[in-house]
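Welcome! Here is a short tour for anyone meeting this structure for the first time. Take a look at the sequence and the model, then read on.

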Amino acid sequence: MTNTNVTVIMAFDTNNDYNQLSQAEKFQLVNSLTDMFGGVTLTEHFGGYRMDDGTNAVEYSYTLELFGVDNDKGLTVFKDLASRNSQESIIYNGDFIYTNQKA
């Protein structure tokens, strides 16, 4: 159980065409993560990537920064959050992590 700084980059499944979180969804996410970990900083990004079939995917993604987190708990929470949002992967502390969820 090592306390560490954690940075997660991930997208979310929303009703928005480009998966942008609403202000209410951002507040809910930040409140939830603050309850679990004591605090978080959320930064919104907009970008794209090439999918396996050659098409471009363009969507919002978010960086979540936390400090003094139990690394194992953090990874478990964010893999679950990604799975619940139909995301097959996240970037966790610079590592590409599959969630076993096929989007």
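Which residues have the most contacts inside the largest nonpolar core? They are Val8, Met10, Phe12, Leu33, Leu64, Phe78 and Ile90, in a core of 21 residues. Please keep in mind that this is a predicted model. The points below start with that core and then move on to the strands, the salt bridges, the surface and a few backbone angles.

- Strand 3 gives the largest share, with five residues.
- Isoleucine 90 is one of the core residues with the most contacts inside it. Leaving aside residues up to four places away in sequence, isoleucine 90 touches Val8, Ile9, Met10, Phe78, Lys79, Ala82, Asp95, Phe96 and Ile97.

**Strand 4 and its partners**

- Strand 4 pairs with strand 1 in the antiparallel sense, and two bridges join them.
- Across this pairing, tyrosine 92 of strand 4 stands opposite valine 8.
- Strand 4 also runs antiparallel to strand 5 (residues 95-98), to which four bridges join it.
- What is the bridge partner of isoleucine 91 in strand 5? The partner is phenylalanine 96.
- Two residues lie between strand 4 and strand 5, and the two strands form a hairpin. In its turn, asparagine 93 has a positive phi of about 50°.

**A closer look at isoleucine 91**

- Isoleucine 91 is found in strand 4, and its relative accessible area of 32% makes it partly exposed.
- Not counting residues up to four places away in sequence, isoleucine 91 touches Thr7, Val8, Ile9 and Phe96. One of these, Phe96, is also its bridge partner.
- For a sense of distance, isoleucine 91 and asparagine 56 are 19 Å apart in space, C-alpha to C-alpha, and 35 residues apart in sequence.

**Salt bridges**

- How many salt bridges does a search of the whole structure find? The search finds two.
- One of them links lysine 26 with glutamate 44, with 3.1 Å between the closest N and O atoms. Lysine 26 belongs to helix 1 and glutamate 44 to strand 2 (residues 41-50), so this pair ties together parts that are 18 residues apart in sequence.
- Is lysine 26 buried or exposed? Lysine 26 is buried, because its relative accessible area is 16%, under the 20% limit.
- Arginine 84 and aspartate 80 form another salt bridge, their closest N and O atoms being 2.9 Å apart. Both residues lie in helix 2, four residues apart, which is about one turn of the helix.
- In this pair, arginine 84 counts as exposed, with a relative accessibility of 56%, whereas aspartate 80 counts as partly exposed at 39%.

- Ile9, Ile91, Phe96 and Tyr98 make a nonpolar surface patch of about 370 Å².
- Two members of this patch, Ile91 and Phe96, are the bridge partners described above.
- Tyrosine 98, another member of the patch, lies in strand 5. Its relative accessibility is 48%, so tyrosine 98 counts as partly exposed.

**Positive phi angles in loops**

- Asparagine 19 is not a glycine, yet it has a positive phi of about 60°. You will find asparagine 19 in the loop between strand 1 and helix 1, where it counts as buried at 15% relative accessibility.
- Serine 86, also a residue other than glycine, has a positive phi near 55°. Serine 86 lies in the loop between helix 2 and strand 4 and is partly exposed, with a relative accessible area of 29%.

Notes
Residues numbered from 1 in each chain as written. Predicted model: local features only at pLDDT ≥ 70, side-chain atom pairs only at ≥ 80, totals over all residues. Heavy atoms only, no water. Core = buried A, V, L, I, M, F, W, Y, C linked by side-chain atoms within 4.5 Å. Buried < 20%, exposed > 50% of the residue type's maximum accessible area, 1.4 Å probe, protein only. Contact = heavy atoms within 4.5 Å. Pairing = 2+ DSSP bridges. Salt bridge = Lys/Arg side-chain N within 4 Å of Asp/Glu carboxyl O. Patch = residues over 30% accessible without salt bridge, like charges linked within 9 Å, V, L, I, M, F, W, Y side chains within 5 Å. Areas by Shrake-Rupley, 256 points an atom, 1.4 Å probe, with all protein chains shown as cover.
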